[in-house]
Structures are given as C-alpha cells and as structure tokens.
Amino acid sequence: MASSSSSPIKDAKVLMVGAGGIGCELLKTLALSGFSDIHIIDMDTIEVSNLNRQFLFRQSHVGQSKAKVARDAVLKFRPHINITSYHANVKGPDFNVDFFKQFNVVLNGLDNLDARRHVNRLCLAADVPLVESGTTGFLGQVTVHVKGRTECYECQPKPAPKTYPVCTITSTPSKFVHCIVWAKDLLFSKLFGDKNQDNDLNVRSSDAASSSKNVDDIFEHSKDEDITQYGRKIFDHVFGYNIELALSNEETWKNRNRPKPIYSKDVLSDELAKQNGNLDNDNASGDGLSVSAMASLGMKNPQDIWSLKENSRILLEALRLFFTKREKEIGNLSFDKDDQLAVEFVTAAANIRAASFGIPLHSLFEAKGIAGNIVHAVATTNAVIAGLIVIEAIKVLKNDIKSYRMTYCLEHPSRNMLLMPVEPFEPNKSCYVCSESPILLEINTNRSKLKDVVEKIIKAKLGMSLPLIMNASNLLYEAGDIEDDMVAIYNANLEKVLAELPSPVTGGTMLTVEDFQQELKCNINIKHREEFDEEKEPDGMVLSGWTQPVSAAENEDKSVSNGANTSDNNDEIGIVSPLKKRKLPDDSDKSNTTDDARHNKQLQVIDDEDDLVMLDGDLDGFKKRRVS
Amino acid sequence: MDGEELTAQETALYDRQIRVWGADAQRRLSKAHVLVYGMKGTIAEFCKNIVLAGVGSLTLIDDRMVTEEVLSSNFLIPPDENVYSGKTIAQLCCNSLKDFNPMVRVSVEKGDLSSFDVEFFSKFDVVVVSCCSLSAKKLANAKCRKASKRVAFYAVDCRDSSGEIFVDLQDYKYSKKKMEETIECHLNYPSFEDALSVPWRALHRRMSKLYFAMRVIEKFEDIEGRSAGEVSNADLSNVLKLKRELCTSQSLNESHVPDTLLERLVTDTTEFPPVCAVIGGILGQEVIKAISGKGDPLKNFFYFDASDGKGVIEDISDSNAGK
C-alpha cells in the first residue's frame with residue numbers, strides 16, 4: 001500500500017475543492033504520496049487568522065489567492081509534479097460536468113453546505129467518486145460517495161442552522177447567545193442597516209401597534225441632533241423603557257426572573273460629559289474598518305470581560321464613531337465579524353442586555369466567536385483528516401470497494417477508538433438527488449404564484465441555482481442566460497398563480513425541474529390543498545419526499561437564526577449540530593468479541609457528554625439504520 | 001500560571017485555536033520547550049503541528065545526511081542537492097520550520113540520543129523520540145523520569161501503513177470539562193520498560209495486534225544489533241521464528257500476531273505519508289494536551305493502521321493488567 005510508485009496514484013488526475021485548513025494539509029499529503037496531477041479550486045484569499053493552521057501560507061501572502069499560493073508552496077518540495085490552481089468559485093460555469101469528468105476522484109475540503117451540495121451533484125452527474133470531509137475543533141470526519149455504490153452527500157439530512165424563537169430574542173432571553181442575536185440582528189440592523197427591512201425590535205406581546213410609530217421616530221437620527229444625546233436616548237429606550245414595558249406584562253414573568261431596566265444616567269452618571277470631551281480630539285483615522293471604540297477608550301485586551309459601565313461606554317462610543325467616522329455606510333451595514341467597530345458595538349449591547357436579564361457577561365473575544373459563527377479550528381485535526389482523505393482516495397483509485405470507510409475523528413475515545421471507521425451506507429432510494437424518486441408538493445394552486453415555488457422550494461429547499469421548469473412539454477420558467485423576450489414572458493409567469501399559468505398547474509400535475517449546471521433533474525408531483533397552518537407551515541406549501549434538514553429550532557415558533565452560518569464561515573465546516581446521542585454500527589471483529597456483552601450487539605449507543613458533536617449530521621441515518 | 005497576557009499579534013494569529021483550547025492554554029504553550037529526536041516524516045508532521053500551535057521553542061536532533069528515503073516523506077526538505085548537501089537533516093528541517101511561525105524559536109542540537117544526560121533532558125517539557133532502538137528508547141525514557149521536573153516522554157514508530165505512539169506523562173494531573181463543570185483528574189503512567197514488562201497473557205483479548213508485532217520486530221532489531229527500521233524481507237523467517245518463541249514464553253496464542261502483519265512491517269519499512277499525517281496529527285494533539293493540562297490524554301499506547309482505518313488507544317500498565 002505504501003509504494004509511491006504504484007500507478008493508480010501516479011496516473012490519477014484528482015480535483016481538490018478548497019485550499020483552506022484541510023486543503024493545505026491535503027495538497028501536501030497528496031504530493032508526498034505520489035500524486036502528480038492535482039487540480040485545486042478555491043475562491044478565497046489568505047487572512048491572518050488562517051496562518052495558525054494553513055501552513056503553506058505566510059504573513060506576506062495575506063490577500064493573495066489560496067489556491068495559487070498553496071500550489072507554489074507545494075511545488076517547492078515536489079517540483080516535478082503538476083498542480084493546476086483556480087482562483088475561482090466552484091459554482092462558476094467553467095466547472096461544469098465536462099470539467100468534472102476529466103478527474104478520477106474529487107476531494108472536498110469545503111466550508112459550507114451550499115458548495116458541498118453543488119459538488120456532490122456535479123460528481124453524481126459526471127459519475128466521479130467524491131471523498132468529502134469536515135472538521136471543527138478536535139472533531140472531524142471523512143466520507144466516500146460513489147454513485148450507485150454508497151449514499152451521496154445529500155442522501156442524509158443535514159442539520160439546519162440553529163434558530164431561536166422570536167419572542168426569546170425580543171422578550172425573554174435566557175442565554176448569552178440570545179443577547180448576541182438581539183444585538184446583532186435587531187439593534188445593530190435597526191441602527192445601521194437597511195431601514196426598509198423588517199425588524200422585530202419593537203414587536204412585543206401587547207401594545208406594539210400603538211407605540212410603533214413613536215418608536216420608529218426614536219431610532220431616526222436627525223442631522224442636527226447631538227450624537228451623545230442621541231446615543232443616550234437609544235440606550236435609555238432599548239435598555240430602560242423597553243424593559244419597563246416588558247415588565248408590565250406580568251404573565252411573562254410568572255416563572256421567570258424579572259429583568260432590571262438600565263438607564264444610562266445610572267450607569268455612567270455625569271462622567272460621560274467629561275469622557276466625551278476627551279474624545280473629540282481622538283486620533284482615530286477615518287478609514288472604515290480601523291475605527292475602534294476600544295482604542296479610543298484605551299482598552300486593549302479582547303479577553304477581558306468588561307463591567308456594565310465599560311460596556312455602556314463602549315456602546316455609546318461605538319455609536320458615536322459610526323455616526324461621525326463612518327456616516328456614509330449607515331443604512332447599508334450588515335454585521336461582519338471582521339468589522340472591529342461592529343463587533344465592539346454588538347458585544348457591548350449584548351452584555352448590557354445580559355446584565356439586565358441576569359445572564360453572565362462575556363469578553364469581546366467570546367462575543368465575536370458567537371456573533372460571527374466562528375468555527376473552531378486547529379492544525380492537528382486537519383492534518384489527521386487530510387491523511388484519512390488520501391487513504392480513501394487511494395482505495396477509490398484502486399477500486400477497492402469493500403474497503404471504503406467513513407471515518408470519524410473523535411475528541412473522546414469511544415470503545416478505545418479515537419479514529420473510528422464505519423462502513424459506508426447504501427444510497428437512499430428516496431433521495432431526490434441521486435435516485436430519480438419524485439417529490440410531492442402540497443400547495444394551493446389557486447393562490448400560490450410560480451415565484452413562490454421557485455424561491456421557497458426550488459432554490460431554498462432543492463438547492464438549485466439556475467432552474468428550468470417544465471409542465472409536460474411546456475416551458476414555464478428558465479433562469480440564466482436567456483433572450484430578452486423570453487425574460488419578459490418568464491417574469492410574467494412568475495407573477496401568475498399556478499392554476500392560471502399558460503399551461504395550468506393543478507392537482508395531479510407533474511412538474512419537471514432541471515438545473516443544467518448541476519445536471520440535476522427531478523419531478524415534482526403537485527397536490528392541491530386549500531389551507532395551511534400559518535404557524536407550522538409558514539411557506540404556505542409542504543414539500544415531502546426529500547431529505548429535510550434536521551431542525552435545530554427550539555420550538556415551532558417563528559424563529560431567528562444567528563446569521564447565515566452555511567455560507568460565510570471562513571473555516572472548514574459550516575454545519576455543526578451538538579447532539580446528545582448518536583448510534584454507530586459496531587464494526588468489531590466478531591471472532592474476538594468476547595469481553596463485553598455490549599460488544600455483541602449490532603449497535604451501540606454512545607452516550608457521551610453533551611460536548612460530543614456530530615458533524616454534517618448523519619443523525620437520521622444512524623437512527624434509521626438502527627438494528628435491534 | 002501567571003497573568004501574562006497574549007499580545008495582540010498572538011491573539012490575531014491564534015484566534016481560531018484559542019477558541020478551541022483557551023487563552024491560558026495558549027500561554028502555557030508559548031512557554032513550553034519541546035525536543036525531538038529523529039526527523040522522519042511523522043516527526044516532520046508533528047513539528048509542523050506544534051510550531052503552528054505556537055510552542056515556546058523546538059529543538060531538533062538528527063545528524064544524518066539526506067537520502068532518497070528521507071526525502072520521500074519529509075516535506076520540510078527541498079529536494080535540491082545544492083540546498084541539502086553538506087547539511088544535516090535537522091539543520092534543513094530547522095530552516096523550513098522557522099518560516100512556519102516566526103514566534104517559535106527553532107534550533108538544532110547534535111549528538112546521539114544515548115549521549116545526552118539527565119540534565120540535558122531537564123531543559124525540556126516534552127521529549128519525542130523516533131527512529132531509535134528498544135534500548136535507546138528505554139534509556140531516554142528513564143533519564144526523563146530522573147529529571148528534577150516532569151518531562152513528558154513520547155516514542156513514535158511508523159512502518160508501512162501503520163504507526164505506534166507511546167506516552168509517559170509519569171504522575172500527571174489535569175483538568176477536563178464534564179458537563180458544565182471543570183473536574184480535576186489524575187493519571188499514573190508506567191515507564192516504557194515497565195509497560196513492556198506487563199505479561200502478554202495479562203492483556204485484554206482484543207489488544208491491538210500491532211502492539212505484539214511491534215514488540216517482536218523491536219526485539220529482533222535489538223538482538224541483531226540493527227538500528228530501527230533496518231529489516232527487510234530477508235529477515236522474515238527469523239522474525240517469525242522469534243515471534244513463535246515470544247508467544248510460547250508469554251503463553252500467548254500465535255493468532256494474536258499474524259504472520260501477514262509481520263510480513264508487511266518487515267517488507268516495507270518506509271513511511272506512508274498519509275499515516276505520517278495521521279500519527280503526526282494525533283501526537284501533536286497529545287503534546288498540546290499535555291502542555292496545557294487540559295483534556296484526557298491518551299494512556300499509554302496509540303495505534304493506527306491504514307489497512308483497517310482504526311485509531312486505537314491501548315492502556316498497558318500494571319494496574320491495568322487484569323483487565
């Protein structure tokens with residue numbers, strides 16, 4: 001197995017998607033193992049926080065293409081192999097099925113669900129085996145996907161991003177993360193984001209309607225209003241008045257600790273005036289991201305937990321800096337974890353709210369991690385996972401099907417194992433991606449528009465980016481590069497309800513939906529239904545027969561997620577869901593199984609502490625395959 | 001730990017890993033001194049990992065000159081004769097590692113493992129040895145144990161597509177998170193010599209076959225006066241003969257040490273790069289745990305074999321013999 005001269009490796013043409021944490025390790029290990037024709041795609045550029053583990057990159061490379069720098073670095077110790085780098089998005093049109101077909105195996109080191117699904121579909125369409133991977137902290141996994149042999153990446157449901165009920169965020173926070181979501185998605189957006197966007201900041205149990213107009217005026221900053229006055233007004237409104245208002249609803253606090261209103265005068269007394277006097281001659285330059293409230297208040301350590309007073313000072317100073325140094329951006333800002341001033345504002349606001357609700361305060365460092373959905377990452381796990389990817393890739397190239405394994409890298413050993421191999425599962429026969437099983441859409445065909453189906457189902461749930469929709473042989477809609485006269489027709493169709501389309505869609509219709517780039521085609525059977533439960537079926541339609549994300553919502557209420565953690569991480573894995581239990585098939589050697597009764601079972605429950613984390617959620621898979 | 005704070009530069013560079021192990025662990029790492037002996041591919045991987053993690057210093061020892069075999073699995077050495085001629089492996093690796101993280105002091109020492117005394121080992125918090133004989137491992141481990149402070153000792157051996165890690169943390173106290181609280185734990189490790197003296201028949205029946213296979217080959221090299229890894233297919237019949245003798249004297253059924261496994265380990269002694277990555281990664285993680293005093297360390301052997309994909313921990317110590 002070890003020989004680097006064996007031809008399946010040397011002759012193989014492999015595609016790596018991702019040149020980040022796993023990618024750097026993988027490219028190195030592939031090169032050392034004798035691979036000599038490697039193509040690597042990554043759209044990202046190098047950042048300082050990558051350097052602790054992406055060892056092919058140096059400080060001097062910050063800002064450059066990851067794929068290109070990784071290639072150059074590996075060629076230094078393996079000068080005679082071919083590495084082709086692409087500084088591009090794998091979802092781009094150049095990387096179509098024909099492009100994928102030239103490879104013997106595709107190796108993923110990606111950081112988000114969206115790209116993983118896309119690559120999965122292209123690998124299926126091109127019939128190229130895929131080795132998929134992910135890590136977070138000390139945990140990681142490697143899986144093998146071969147069309148028709150093993151399950152595809154989408155055969156099992158993936159955990160959806162964690163979401164929280166709106167009322168928990170707006171009225172009854174009990175954890176620090178609730179305060180962060182409030183500070184980031186409500187307060188920060190309200191003050192600095194798009195004014196036209198819906199915002200639940202003022203939605204409260206009872207009298208929201210009567211006060212809402214008045215409330216909107218409070219957040220509006222008029223040109224001649226003194227910024228310090230404005231800041232204290234906002235402070236008193238959201239941390240004082242709003243809490244008083246919430247307290248008046250006795251029902252809410254029957255079984256909860258009552259929050260305490262906080263007013264700026266109680267926290268800051270009169271020293272604010274003095275402080276602001278000094279701030280007028282601060283030396284913060286006007287160039288966007290370098291403005292910092294911590295710097296102008298002389299605070300250095302992001303690991304410190306600030307007092308309520310310090311948080312209040314940071315909040316008001318951050319607000320002042322936004323309005324004085326970054327005025328042009330106001331109205332267009334969205335929270336960005338690399339925006340120091342935004343992180344300072346959100347940390348301070350979340351901490352003041354936490355203080356109000358008796359929740360422990362957190363440092364800026366911690367708050368940034370929570371607010372930015374920053375995935376924990378260390379070099380060692382990536383190195384281990386990259387080694388395991390190469391081992392699977394070699395098996396795939398040798399067509400050694402019986403030896404394929406999915407491997408989990410664990411933090412705490414299970415049955416003495418830190419690296420636990422499991423036999424891959426068979427394809428899920430009802431997977432709409434890798435089998436051709438139709439899906440069922442229940443919908444009110446007299447009320448729902450084609451647009452609703454495209455946005456809520458075809459794009460959001462089926463993950464297609466450039467869909468084409470047919471009813472029998474009639475084309476209803478096509479996205480992408482099409483002629484102008486057709487665009488007008490399709491746009492008109494989008495606004496029509498289903499039953500009134502040129503070729504009407506009613507109960508019993510079968511729609512064919514295709515994405516040519518992904519070469520994915522599926523059939524949707526339409527079933528007409530009059531009524532939908534607004535609470536439980538907010539889309540006004542129900543899709544079944546597809547692999548649904550495992551919902552991490554705390555209840556069925558309307559909910560808020562903590563940012564888009566499927567797309568904007570710059571780390572190795574996008575989707576992580578902590579689970580209390582999981583089940584793995586026992587692959588122990590039967591002839592040796594004598595020592596413990598538990599080992600004789602087909603399956604064993606691993607009931608560890610609640611820090612055991614399942615990656616990329618194969619939870620349902622394990623449940624379904626449970627054998628008693 | 002004293003309250004010295006991480007610099008802004010450290011916080012920015014180590015952001016993602018501080019989120020895994022905490023700022024206090026990062027401070028301890030930055031004060032730790034690590035020694036490695038024998039720069040094969042697995043150790044190159046390990047060095048990369050702990051230099052990236054930000055240890056205080058790393059000292060390398062390997063006086064050998066570059067050979068084809070060394071180049072095959074060590075990505076720290078550029079395969080350019082103009083660069084590597086006249087320099088030892090340790091010197092070449094040192095130059096590459098310095099680049100990975102300017103905040104870590106990487107340096108070179110010269111000499112044979114057996115020539116270093118207790119005082120020398122006392123300068124380090126962690127000692128990792130590889131490519132050395134049974135007696136050299138025992139001796140180095142014993143010297144680390146005699147040091148005035150605790151020196152964590154690790155021995156690594158990779159052959160073909162499998163590898164072994166031995167860990168001796170002596171009397172080791174650490175903390176770990178259990179649910180919401182932090183609990184204090186205590187482990188007592190045997191020395192390499194004491195672990196090896198545990199009778200084979202006393203070990204549990206699912207013991208990794210690699211443990212026995214490694215002992216047979218190690219013993220064979222020791223008897224024959226070979227250096228580590230200096231075996232070939234020509235030795236197979238003698239290795240199998242030794243296996244039978246050892247199994248008989250230890251009252252162990254020979255099926256626990258399959259001939260096919262020994263054949264694999266004897267035939268191909270060169271390292272397999274993916275296994276270097278796995279073993280070097282696990283070793284890096286363990287050393288980081290031992291330095292930071294956080295999380296369950298492995299006790300006291302670890303095995304990985306690419307042929308079955310399992311990464312297994314085996315506890316081989318007296319107190320555990322009856323298991």
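**The interface of chain A and chain B**

About 5200 Å² is buried between chain A and chain B, and carbon and sulfur atoms give 61% of that area; buried area here is the accessible area (1.4 Å probe) that two parts lose on being put together, summed over both. This is a predicted model, in which local features need pLDDT of at least 70 and side-chain atom pairs count only at pLDDT 80 or more, while totals for chains, interfaces and linings use all residues. Residues are numbered from 1 along each chain as its sequence is written, chains are lettered from A in the order in which they are written, and side-chain values use heavy atoms, with hydrogens and water left out.

Residues in contact
- Chain A brings 62 residues to the contact and chain B brings 59 residues, where contact means heavy atoms within 4.5 Å.

- The rule finds two salt bridges across the interface, each being a side-chain nitrogen of Lys or Arg within 4 Å of a carboxyl oxygen of Asp or Glu.
- One of the salt bridges joins the side chains of Lys28(A) and Glu45(B), at 2.5 Å from N to O.

Elements of chain A
- The elements that give two or more residues to the side of chain A that touches chain B include α2 (21-32), α16 (379-397) and β9 (417-422), helices (H or I, at least four residues) and strands (E, at least two) being DSSP runs numbered from the N terminus.
- On that side, α16(A) gives the most, with 10 residues.

Strand pairing
- β9(A) and β10(B) (residues 310-314) run antiparallel and are joined by two bridges, and two strands pair if DSSP finds at least two bridges between them.
- Leu419(A) has Gly311(B) as its bridge partner in β10(B).
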